[in-house]
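Keep the view open beside you as you read.

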Amino acid sequence: MITAEDLTVRFGAGAALRGVSLRLAPGQRVGVVGESGCGKSMLGLALMGMLPDAAQMAGRITVDGADLSAAPEATWRALRARRMAMIFQEPTAALNPLQRVGEAVAEPLRLHLGLSRDAARDRVLALFEETGIQEPEAKLRQYPHELSGGQRQRVLIALALACDPGLLIADEPTTALDAHVGLRITDLLVRLTRTRQMALVFISHDLAAVARTVDRLVVMYGGEIVEEGPVDQVLSDPQHPYTKGLIGARPPFEPGHLRRRLPVIPGTVPGLVDLPKGCRFAGRCAQEMPQCAGTRAPKVQTGPERSAACHLLTEAAQ
Amino acid sequence: MSALLDVRGVSRVYPRPRRVLWRAEPPLVAVDDISLRLERGQTLGIVGESGSGKSTLARMIMGFEAPDVGEVRFEGQNLHDLTPGALRALRPAFQMIFQDPYGSLDPRRPVGWSVGQPLRAMGRAHSTRAVHEALERVGLSPAAATRYPHEFSGGQRQRIAIARAIATRPCLLVADEAVSALDVSVRAQIMNLLMELQEEFALAMVFITHDLSVVSSLCDDLLVLRHGKTIEQNAAQRILAAPQSDYTATLLAAAQITPQSHAATAKGQSP
């Protein structure tokens, strides 16, 4: 079980994350969506203990009950070796071009688990099979450039799974892939969380990829969680104006919408230092009220598993 | 009546290097016998994944490379029969925008220089006013002309690329994955801008994408490509309502946000 409680990450005067809380039970799949610059990747890095040196963090991160907020780098390193792993958008950039992919995946096995060369090779083969890499035996000796994008992403997933982590953070894992390949990768991630009882944090700006992968959805804006809940409920009945805007900006599939203008969220995500003091969506929100710019909207429980932070909901509750 | 763009049976084959000395590799057929027509003010969506030949087709439409077989007719003239000078004279009439505006704008030149480039190419030296007009038309301030590409966000950079493409008042715009790299909200803004420009200039558009979720609002017709061959070609709404191939059906499922779409694709059934 991994939790983040009231996590705040500051860079100088600007807060990249503000009061973010998240609970990850084994086997749970959580999607994090929002525009670029909303803090999605920063949350992923914070959970991995990989924040840049300039960042000041407040709040608690616990792994299996142990508080890691002030843990030294060595503790984090041991955790990253065994308990958590991360994959990224660009598999090419994450693999050493001069290393055979079989060796890349064997490295953590030999280093962290102390396996012999032969034992490591057998484990790599098993991992390649588990992640659906074709002709796994031949692939062991190939270099990253010899593989397709989808196969490379599978190698990275195999690498991430090598030491049997309890948590996998996938940051835009399908964004650089074709639609068919992306479908198979999200299928694979779902299957792995089931067979391994592994928690998954799926960070993406692609709502379609997130919708088919996760069971819980977290919507971030300006470094805050503005809405969260079961994925089907949030997508079919969004409560925060930002979530509504994100979903509404997608072109509808039904016929009859040719050349009809799409609803847009005006403006762009403000930079860290320009963020409004109160609700961070103030200034772009279509339903803005006088109190929005000055005061932060409290989180309102809107269902058994759902919450959203918006003054509209606070008013409705009173 | 001749269409604005009439592509007739084009094919393009690339030789592949030998992997073994004594045997030639079979050539790669990037585009295989594709025909399409596009009228003024209409949009044709070309849908396919990497390697489907959609970018090769775009390059042939733009006259960047010639087909091995077939012809590309623009306003009745075969582009690839024209002399280089005649092609250059025609070029202001068809322009292109790309997925990565950062890669298509010179980082060391102010934005105004890049936007003015096609105007200079057609011999209009004093084009500052035209540059400012183009920037204003895409929703940027004329002051943007003196700033550099890195000072802009991804959406703004795509606006700059569009400003450059419309500066010469073209009648055909080829957009290669022009909205694929953008966030949903910015994507909607850019798509709305393209719709406005299309109505204003009766602009014909070839809209190349791998993401079927954007075609319903933009495209009159669709051409679905795979391995250089036409899989489906029909009115966009008909393909979206009832895709005729599993390939298209999967692309559709991948673009929908109903959580059930996952189950549908796992079974490999068309929805």
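Predicted model: local features only at pLDDT ≥ 70, side-chain atom pairs only at ≥ 80, totals over all residues.

Residues are numbered from 1 along each chain as its sequence is written, and chains are lettered from A and ligands numbered from 1 in the order in which they are written.

Helices (H or I, at least four residues) and strands (E, at least two) are DSSP runs, numbered from the N terminus, and two strands pair if DSSP finds at least two bridges between them. Strand β1 (residues 2–11) of chain A runs antiparallel to β4 (residues 56–63) of chain A, joined by 7 bridges; here A:Thr3 has A:Thr62 as its bridge partner. Next, β4(A) is linked by 2 bridges to the antiparallel strand β5 (residues 66–67) of chain A, with A:Val63 opposite A:Ala66. This hairpin has 2 residues between the strands, and A:Asp64 takes a positive phi near 50°.

Now find the open sheet of 8 strands in chain A, with mixed pairing and the order β6-β7-β8-β3-β9-β10-β12-β11. At its edges stand β6 (84–87) and β11 (299–301) of chain A, each with a single partner strand, so one side of each has no neighbour in the sheet.

Which helix lies across β6 and β7 of chain A? Helix α7 (residues 149–161) of chain A does, running at about 165° to β6(A). Axes are lines fitted to C-alpha atoms, for helices over the stretch in contact, and angles run from 0 to 180 degrees between N-to-C directions. The axes of α4 (residues 101–112) of chain A and α7(A) come within 8 Å and cross at roughly 20°. The two helices are therefore roughly parallel (angles under 35 degrees). In their contact (C-beta atoms, placed from the backbone, within 7 Å), A:Val101, A:Ala104 and A:Val105 of α4(A) meet A:Val155, A:Ala158 and A:Leu159 of α7(A).

Finally, turn to where the chains touch: 33 residues from chain A and 34 residues from chain B take part. On the chain A side, α8(A) gives the most, with 5 residues.

Key. Contact = placed C-beta atoms within 7 Å. Parallel < 35°, antiparallel > 145°, perpendicular 65-115°, else oblique.
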